[in-house]
Structure formats: structure tokens, C-alpha cells
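Biologist: Could you take me through this structure, please? I would like to discuss the strands and then the ligand.

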Amino acid sequence: MYDVVVVGSGGGAMTGAFLAQRAGLSTVVVEKTPLVGGTSAYSGGACWLPGSQVQQRAGISDSTDGARAYLEAVLADPDWTPDQERVEAFLTHSPELVAELEEAGIPFEWLPFSEYYDAPGRVAMGRSIQPTSIKRGDLTPEVAALVRPPVERDRAGEGGRNTLSGGQALIARLLEGFVGAGGTVLTDLPMTGLVLDGDGTDTRVAGVAAMTPEGPVEIRARRGVLIAAGGFEGNAEERASHGVPGDVSWTMAPRGTNTGEPIAAGVAIGAAADYRGVGWFCPGLEQPDGGGSFTLGFRSGLMVDATGNRYANEALPYDRFGRIMAEAAQGSAGRIPSWFVFDSREGGRLPAIAMPEGDPAEHLAAGTWVQADTIGELAERIGVPADALVASVERFNGFCASGVDEDFGRGQDEYDSFFTGGAAPAPCDQAPFYAARFVLSDLGTKGGLVTDSAGRVLREDGSAIAGLYASSNSAASVFGPRYPGPGAPLGSAMVFASLAVRDLLA
Ligand SMILES: Cc1cc2nc3c(=O)[nH]c(=O)nc-3n(C[C@H](O)[C@H](O)[C@H](O)COP(=O)(O)OP(=O)(O)OC[C@H]3O[C@@H](n4cnc5c(N)ncnc54)[C@H](O)[C@@H]3O)c2cc1C
């Protein structure tokens, strides 16, 4: 019997677990896979936690008021109304959480990374923060062995690096603190359902059911259960039933994880769910094995659809680009797959950051990349109209020369030039030319259990289910269909996990 059961082990789960254990609540982390960290361990570790002492130390012009103005503008959506109490709880608690974590020995630093909207309250070069890196040798060996490796190494079946940075550092530091404070981690233990005590209005969640090789077990919780176990990005049926475009093989979540049982378990006991946030999207570089790779920061080159035409500013923040790509799923045919056309100016490598990029030679052998000496020949080889592709490239090159993208405004926003070191996009004019196949990838879904400003899971009638909390991609996102800036998934996951712990302690 524990005080608190935390389901999942991403950034939100581990923040909740660490803070609960540190506050004296005996806490267990129940993790489906052999490793801790999920997609969060793959992440850059950027945390959108505005107005904290870290931004102040860095001397940037961030504040809670500025972030409030920014969110007011960014979250405005004709089809979705933010829960202002949750937004306010996020804003108010972000600096408190950072102060608490730093005080508990988890140091952060400012991470220059442009925010995703040109809106009032935006901070030049961003307001995101990240945990500082940590050496493997500074971790206890058991902890070091449990942290899921970075995505390119994990997918290749390799172990982690000697220096853990970004999401690796976040998970490692929280796990080290949690275990050091006496917390328990149970891996290879998929949660399958919720255990209830009492009946009628006295019903409360008193633990979880989980599956071991020997059969089902119950893990009881005196105070409550926090579900922070990813979304349902790895579940094809759930994706289809909630209208999530993309594909399980293109999601960035570790293979076989995040199939949504924890959300379903909440719904099965009467929780409300809201799927309108849909997902955190991105263009995905298709891999020879059919997977997708989160890609951002295009420095040159152009993306075209099946007609050989551009359809968006390739340098848009990735979720915004992904959502335009996803319109294909609603009838604007021909964007999945898209083809990214680039030249040889970077020696045949993709002029962007793809995680993982893969080996160009393997891409060329598999046909996920195609190479040709002319654009016309390239068009033939990828099956798009040659005259259209030649015209698209010429027009794009003209925009590069004039410095104005008359079609999509690429290069005008601070974010666009963040990855080019301030330079305008380079033309596509150095043979040989390449086309790389792109699909719609995601960093996870973000529809799930409806929660209040304390992270409590709510029923349809707005009443709270006693003993049940949710955060991370298991909860409907406080940001709905928007992705305000780098670190919004982790920042919001951590804040609501921490608020859940406050409620558990109250
Ligand atoms: C390359 C990359 C970079 C990114 N960079 C950033 C960034 O810098 N900042 C940011 O905010 N976001 C970033 N993201 C997105 C972010 O990582 C995810 O959206 C976020 O980490 C999801 O957190 P989560 O806790 O919901 O899920 P996860 O981190 O995936 O954790 C879920 C865990 O729950 C476990 N689980 C699932 N089902 C069960 C079950 N039934 N029982 C027990 N355990 C279960 C899973 O095995 C997994 O370990 C990035 C993503 C990628 C791929």
C-alpha cells in the first residue's frame, strides 16, 4: 500500500512522483515498459514555464503578465474556449514550481528558442527553460540504467550517452531525486484499470489494477492516483475514433507505448474526456522502416504536395506546419506524403533537424529519398508533374533572391530565421537535387481526461472523482488545439502534476 500511485514516467509523472515523495507521501511509479521516461526522455527538455526565477536570472523580459497576454492572444480560437481557471493556475504555478524544483536540487537554465506565435507578450528568443545537463557518472547506476535513451539511439537498440541533456536530464534528475527520497519504481507493469472503494457518492479511486506475467495485481493508494501516462498516439483504433490524423507508425512515442488504456480506465469509471486538442503535430521525415522523424528548422529547400506545389511556409513552427499538412486528411488531398526538395549545399544531408535523420545512403536505397541531376528528372522519379515542380523551384529561388516569399512569407518571422542564424532561406540551385518523403508525425496526442485547475479528473457533470488526478498527454491539454511555444507539453504536464500533488497534500 502506498499513499500515491503515479501511472507513467514521463516529465509530468516524474515531477508529481518526486514532489509527492519529497513531501512525505510514499509514492510508487507504475511504468508499462522496462525503461523510465517515455517520449519525455526523447524530448529536448524545453519547459514552457513562464515568469520564473530562471528567466529572471537570464535577464530576459519574461513575466507572468507577459505570458498571460501571450496566451490570451494565442489561445483565441473560434471552435474552442480555454478553461480560464486552468490557464490562470498554469500561469500562477509555473514560477512556484520552478522555484520548488530548484530548491529541491533540480537546476534549470534559459534555453534560447523562439516562441511559436507573433503575438502580444512574445519574448524575443523565447522564454523556455531546460534542466541543466548531468553526467552519467553523477547518477546512481540503477537510475542511469533506467532512463530511456535518446530517440535515435533507442530506435537503434543502443544505450544512452555519457552526458544526459534535455529530456534525458529532466527524467534522470527527477528519477534520481525520487529514488533518493525513497520512492519506488515498478517497471514492466502496464496499468489496466482503476480500483474503486466505496459506493454511490462515497466512491473513490483507491488504486490501480496492473498486469504482471503471473497475472493481474492491485496496487493500492491511500490518497490517490495520478495518471500521467501519455496519450493514445500508439493506438490506431483510438486515433481513428477521435479523429487524430497521422499514423501509429509515424508517432514519436516509443514503440508500443502510449496506447491509451489509462485514459480509457478513467472514462470507464465515469470521467469526462475532451479530444479537441487532437495532437502535438510535426512534419515527419519518413524512415526506411516506415517510421517518422520529428523534423524542424528547415534552412533551405521547399516542401511540395502531390501536385508539385508548395502549400505553406516550411519554416513555420512544426505543429502549425503539421496542422496544415493534416488538412489533407480533411480532403485537401496530396500532402501526405509530401516531398521536401533540397539541393547539395549541405553535402547531401537534409538542411533541417530531423530526430533521427537516418543515413542518407539508406534513405536513397529505400526510396524515401530520391536523387537526380535536374529538378525535372527528380519530379519524374517522385511522380509529381515536372512542369509544376520546376516552376515551384524557380519561383522559390526567385523569392530567395528578392528576400520576400510572396506566397507564404517564409523568413519574415523571428522563428523562421532562428535555425538559419538570421539568414534568409537559401535557394535550391545546386545539383544534384534530392527529394525526401514526409509524412504527418506527432509528439503525442493531447486529448484525454478532463481535469480542473488542481489536476482533479472531472465527470461530465463537473464533479471531481475522488482520488483521481491526471496530467501530461493523458489529460485534455490546457492549451487545447494550440502549441504556444517550446516546452508547452512538458511545462503544462509538470505544472498540473505538481498541482495534483498539492491537492493530495491538502
Ligand atoms: C524528439 C522530441 C523532442 C521533443 N521536445 C520537446 C521539448 O523540448 N519540450 C516539450 O515540452 N515537449 C517536447 N516533446 C514532446 C513531449 O516529449 C511529449 O509530448 C511529452 O513528453 C509527453 O509526456 P507524457 O508524460 O504524456 O508521455 P511520455 O513521456 O511518453 O510518458 C508516458 C509513459 O507512460 C507509460 N505508459 C503508457 N501506458 C501505460 C500504462 N498502461 N501503464 C503504465 N505506464 C504506461 C509509457 O510507457 C511512457 O513511459 C518532444 C518530443 C519529441 C519526440
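Modeller: Phe294 stands opposite Met355 in strand 16. Please note that this is a predicted model.

Biologist: How many bridges join strand 13 to strand 16, and in what direction do they run?

Modeller: Strand 13 and strand 16 (residues 353–355) run antiparallel and are joined by 3 bridges.

Biologist: And what about strand 12 and strand 13?

Modeller: Those strands also run antiparallel: 3 bridges join strand 12, residues 279–286, to strand 13. Glu286 has Gly292 in strand 13 as its bridge partner.

Biologist: What do strand 12 and strand 13 form, and which residue in the turn has a positive phi?

Modeller: They form a hairpin, with 5 residues between the two strands. The residue in the turn is Gly290, whose phi is positive at about 95 degrees.

Biologist: Are the faces of strand 13 covered or open?

Modeller: Both faces are covered. Gly292, Phe294 and Leu296 are buried on one side, and Ser293 and Thr295 are buried on the other. For the strand, residues 292–296, that gives 5 of 5 residues buried.

Biologist: Turning to the ligand, how many residues surround it, and which are the closest?

Modeller: The ligand is surrounded by 37 residues, and the closest are Glu31, Thr39, Ser40, Ala46 and Leu490.

Biologist: How much of the ligand's accessible area does the protein cover?

Modeller: On its own the ligand has 1000 Å² of accessible area, and the protein covers 98% of that.

Biologist: Which elements give two or more residues to the shell?

Modeller: They are helix 2 (38–42), helix 10 (261–268) and helix 16 (488–505). Helix 2 provides the largest share, 4 residues.

Biologist: What does Thr39 touch beyond four places away in sequence?

Modeller: Thr39 touches Glu233, Met252, Ala253, Pro254, Asn258 and Leu443.

Conventions
Residues are numbered from 1 along each chain as its sequence is written. This is a predicted model: local features need pLDDT of at least 70, side-chain atom pairs count only at pLDDT 80 or more; totals for chains, interfaces and linings use all residues. Side-chain values use heavy atoms; hydrogens and water are left out. A residue is near a molecule or strand if one of its heavy atoms lies within 4 Å of it. Accessible areas come from the Shrake-Rupley method with a 1.4 Å probe; for residues, only the protein chains shown count as cover. Buried means under 20% relative accessible area, exposed over 50%, partly exposed in between (1.4 Å probe, protein chains only). Two strands pair if DSSP finds at least two bridges between them. Contact means heavy atoms within 4.5 Å.
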